[in-house]
Amino acid sequence: MSPPSTIALALVFRAEKLLITRRLPGTHLAGSWEFPGGKLKLGETPERCAEREVEEETAVVCQARGCRTSFSFTYEDRSLLFIPVDCVWTRGEPELLQVSGACWILPTELKNFEFPEANSALIAQLAGM
């Protein structure tokens, strides 16, 4: 297996709500809910990657405020290093540019959505479980 890909996960807060998106059909873990984000480009910081990915996927503009503790997860076909990035909403309403769904929810509502297993501990932390 190749070395892990580094993924920035954007935790975009708008007041007390958090932005979540749904993966497109035909993608890895299609139909699952997730935090917007993606692979870091060469030389890109996790903060800049999170801001870029949110805008590319949803047209929402946000500003990164800092990174949380990173974590790794290995699927059958890939290994990933996730870096959660706390962000604040600046402007824009979610558009479905590279996602099949998007909504603002309270962190306590995360348990009502199907997320990839890799996000379990982060979701528990965010929801205060």
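This is a predicted model: local features need pLDDT of at least 70, side-chain atom pairs count only at pLDDT 80 or more; totals for chains, interfaces and linings use all residues.

Biologist: What is the volume of the largest pocket?

Modeller: The lining of the largest pocket comprises 29 residues, with Ile 7, Arg 23, Glu 34, Gly 37 and Gly 38 nearest the centre. Strand 1, strand 4, helix 1 and strand 7 each give two or more residues to this lining. By class, 13 of the lining residues are nonpolar, 9 polar and 7 charged. The volume of the largest pocket is about 600 Å³.

Biologist: Which residue forms a salt bridge with Arg 14?

Modeller: Arg 14 lies in strand 1 and its partner in the loop between strand 7 and strand 8, so the pair ties together parts that are 79 residues apart in sequence. The closest N and O atoms of the pair are 2.8 Å apart. The partner of Arg 14 is Glu 93.

Biologist: Is Glu 51 buried or exposed?

Modeller: Glu 51 forms a salt bridge with Arg 48, and both lie in helix 1, 3 residues apart. Buried means under 20% relative accessible area. Because the relative accessible area of Glu 51 is 19%, this residue counts as buried.

Biologist: Where does Arg 68, the salt-bridge partner of Asp 86, lie?

Modeller: The closest N and O atoms of Asp 86 and Arg 68 are 2.9 Å apart. The pair links distant parts of the chain, 18 residues apart, with Asp 86 in strand 7. Arg 68 lies in the loop between strand 5 and strand 6.

Notes:
Residues are numbered from 1 along each chain as its sequence is written. Side-chain values use heavy atoms; hydrogens and water are left out. On a 1 Å grid over the protein atoms alone, a cavity is a set of points where a 1.4 Å probe fits but cannot get out, and a pocket is an open set with protein on both sides within 12 Å along at least five of seven lines; lining residues have an atom within 4 Å of a point. Grid points are joined across faces, edges and corners, and a volume is the space filled by probe spheres set on the points. Helices (H or I, at least four residues) and strands (E, at least two) are DSSP runs, numbered from the N terminus. Ala, Val, Leu, Ile, Met, Phe, Trp, Tyr, Cys and Pro count as nonpolar, Asp, Glu, Lys and Arg as charged, and the others, Gly among them, as polar. A salt bridge is a side-chain nitrogen of Lys or Arg within 4 Å of a carboxyl oxygen of Asp or Glu. Buried means under 20% relative accessible area, exposed over 50%, partly exposed in between (1.4 Å probe, protein chains only).
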